[in-house]
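Here is a short tour to read with the model open beside you. Keep the viewer handy and follow along from one heading to the next.

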Amino acid sequence: MEGKINKQLKKVLKKIVKEAHEPLAVADAKLGGVIKEKLNLSCIHSPVVNELMRGIRSQMDGLIPGVEPREMAAMCLGLAHSLSRYRLKFSADKVDTMIVQAISLLDDLDKELNNYIMRCREWYGWHFPELGKIISDNLTYCKCLQKVGDRKNYASASLSEFLSEEVEAEVKAAAEISMGTEVSEEDICNILHLCTQVIEISEYRTQLYEYLQNRMMAIAPNVTVMVGELVGARLIAHAGSLLNLAKHAASTVQILGAEKALFRALKSRRDTPKYGLIYHASLVGQSSPKHKGKISRMLAAKTVLAIRYDAFGEDSSSAMGIENRAKLEARLRILEDRGIRKISGTGKALAKAEKYEHKSEVKTYDPSGDSTLPTCSKKRKIEEVDKEDEITEKKAKKAKIKIKAEVEEEMEEEEAEEEQVVEEEPTVKKKKKKDKKKHIKEEPLSEEEPCTSTAVPSPEKKKKKKKKKDAED
């Protein structure tokens with residue numbers, strides 16, 4: 001298979017060399033070249049030789065006597081399997097399908113555990129609600145519940161295996177004054193059965209995690225060193241196999257697991273995501289938010305090298321992964337320190353913080369905040385009072401003038417009415433004037449429409465105006 005001459009083949013060929021007078025038919029051209037070099041035996045390789053080999057394989061039962069057809073079929077099948085495994089360099093320790101199944105089962109177990117624990121806490125919370133607040137750890141909660149059961153048994157039970165003395169005393173004190181309802185023994189039995197299920201599943205989960213760690217170190221040791229067991233296993237499961245993952249580029253591995261966000265960003269023409277499943281790696285978690293994208297890109301590039309080394313390399317050591325991880329950690333340290341150097345201003349030395357010195361300041365009392373009244377000088381007060389007096393005097397004068405004018409107008413109106421009563425036969429001219437006056441009174445001109453008529457003012461209006469002027473003077 002590798003184009004090398006085996007010891008048994010060499011013995012057979014040495015016997016043939018002495019007697020052979022024709023070229024040797026060879027199925028593999030590479031092997032024929034090696035035989036010609038080492039044994040000086042002419043070899044031939046052509047389609048005719050391939051057809052001859054196929055005929056020999058089909059008539060193997062007749063050419064080799066003493067072998068049953070069933071045994072021959074089993075031997076052929078075994079040989080085919082061993083040859084295919086050898087060509088693929090198959091190893092039972094390097095089966096990545098086990099990793100895919102294990103990580104999928106681990107995720108399912110986590111979901112089921114969360115559901116079971118939530119149901120257990122809610123169910124037992126009707127009987128003893130205070131216990132859930134005191135004990136936060138889910139496994140410890142289930143173990144305590146499994147050991148004690150009913151709330152009344154907490155006073156006599158010892159929980160020192162799971163809890164500290166202070167927490168145990170707090171639980172016992174809460175059990176005595178609990179506000180939970182009473183439940184039957186059948187209910188307690190069902191709750192305890194659920195607790196045992198939770199404990200068993202959690203124990204199996206720890207066992208499965210250990211199994212996954214061992215499988216990852218056997219199949220992909222360099223990937224495990226770079227990103228960890230869980231992230232490496234999720235990357236392999238997402239790609240389908242280690243070989244499929246090795247075919248991906250570094251940019252694809254970087255955003256593997258964030259396909260929805262990527263296509264959403266491309267559709268809406270926004271920024272594409274910087275990381276996918278690789279975000280949960282410890283190196284990305286250690287970095288500051290502004291360096292996460294840069295570190296995830298560098299980590300993806302080194303991880304792809306590790307994946308290809310694990311998939312196609314013959315060596316199963318993790319030396320390459322350890323070396324690359326050390327480089328990435330050094331690079332991360334440089335990036336984190338660069339921000340401190342920039343603040344210093346020199347660009348070379350680290351920023352030096354000034355020594356703290358306590359400066360005590362003596363503060364004096366400010367009495368200005370005591371009174372809510374506005375503070376002003378006496379001169380200013382006197383001036384304000386004088387101004388107010390002047391304003392009030394002016395207002396009083398204006399009011400008196402208005403009152404006098406109103407009284408005079410009323411007097412004039414009364415006199416005019418008396419004159420109209422005395423005059424029995426008014427002239428035509430007087431009627432016209434009165435009609436005009438009535439028309440003016442009924443329809444007064446607005447301020448917006450200016451008066452266009454050139455009416456002569458009556459003597460009564462002239463008198464009124466003169467009186468107003470005299471009053472104002």
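## A helix surface to start with

Is Glu122 buried, partly exposed or exposed? This is a predicted model, and in it Glu122 counts as partly exposed, because its relative accessibility is 47%, between the 20% and 50% cut-offs. Its salt-bridge partner is Arg119, with the two side chains meeting at 3.5 Å, N to O. Arg119 is likewise partly exposed, at 45% relative accessibility.

Both Glu122 and Arg119 belong to helix H6, which covers residues 97–125. They sit 3 residues apart there, or about one turn of the helix.

## The chain as a whole

If you like an overview before the details, here it is. The chain has 473 residues, and buried ones make up 25% of them. Its secondary structure comes to 21 helices and 2 strands. Among contacts with a separation of 6 or more, 58% are between residues 24 or more positions apart.

The mean pLDDT of the chain is 80, with 78% of the residues reaching 70 or more. Among the elements, helix H11 (residues 221–227) has the highest mean pLDDT, 94, while helix H20 (residues 428–442) has the lowest, 48.

Two stretches call for some care as you look around. The pLDDT is below 50 over residues 428–433, a stretch that has 2 contacts in the model beyond near neighbours in sequence. Residues 440–457 also have pLDDT below 50, and that stretch has 2 such contacts. Where pLDDT is low, the predicted coordinates should not be read in detail.

## More salt bridges

How many salt bridges does a search of the whole structure find? The search gives 10. One of them joins the side chains of Glu51 and Arg54, at 3.1 Å from N to O. These two residues lie in helix H3, 3 residues apart, about one turn of the helix. Glu51 is partly exposed, with a relative accessible area of 48%.

Lys147 and Glu161 form another salt bridge, with their side chains meeting at 3.4 Å, N to O. This pair links distant parts of the chain, 14 residues apart: Lys147 is in helix H8 (residues 138–148), and Glu161 is in the loop between H8 and helix H9 (165–176). Glu161 counts as exposed because its relative accessibility of 60% is over 50%, whereas Lys147, at 38%, counts as partly exposed. Elsewhere, a network of salt bridges links Arg151, Lys152 and Glu182.

## Helix H12 and its surroundings

Now turn to helix H12, residues 229–239. Its buried residues are Val231, Gly232, Ala233, Leu235, Ile236 and Ala239. What do the buried residues of H12 pack against? They pack against H6, helix H10 (185–219), H11, helix H13 (242–247) and helix H14 (250–254). After H12 comes Gly240, whose phi is positive, near 110°.

Arg234 is also found in helix H12. At 28% relative accessibility, Arg234 counts as partly exposed. Leaving aside residues up to four places away in sequence, Arg234 touches Ile103, Asp107 and Leu277. Arg234 and Leu277 are 43 residues apart in sequence, with their C-alpha atoms 7.5 Å apart in space.

## The second largest pocket

Rolling a probe the size of a water molecule over the atoms shows where empty space is left. The second largest pocket holds about 870 Å³ of space. Its lining has 24 residues, and those closest to the pocket centre are Met1, Ala27, Met53, Arg57 and Leu83.

Which kinds of residue make up this lining? By class, there are 19 nonpolar, 1 polar and 4 charged residues. Helix H1 (7–19), strand E1 (24–25), helix H2 (29–39), helix H3 (47–58) and helix H5 (69–88) each supply at least two lining residues. H5 gives the most, with 6 residues.

Terms used
Residues numbered from 1 in each chain as written. Heavy atoms only, no water. pLDDT = per-residue confidence, 0-100. Helix = DSSP H or I, 4+ residues; strand = E, 2+ residues; numbered from the N terminus. Contact = heavy atoms within 4.5 Å. 1 Å grid on protein atoms, 1.4 Å probe; cavity = no way out; pocket = protein on both sides within 12 Å on 5 of 7 lines; lining within 4 Å. Points joined across faces, edges and corners; volume = space filled by probe spheres on them. Nonpolar A, V, L, I, M, F, W, Y, C, P; charged D, E, K, R; others polar. Salt bridge = Lys/Arg side-chain N within 4 Å of Asp/Glu carboxyl O. Buried < 20%, exposed > 50% of the residue type's maximum accessible area, 1.4 Å probe, protein only.
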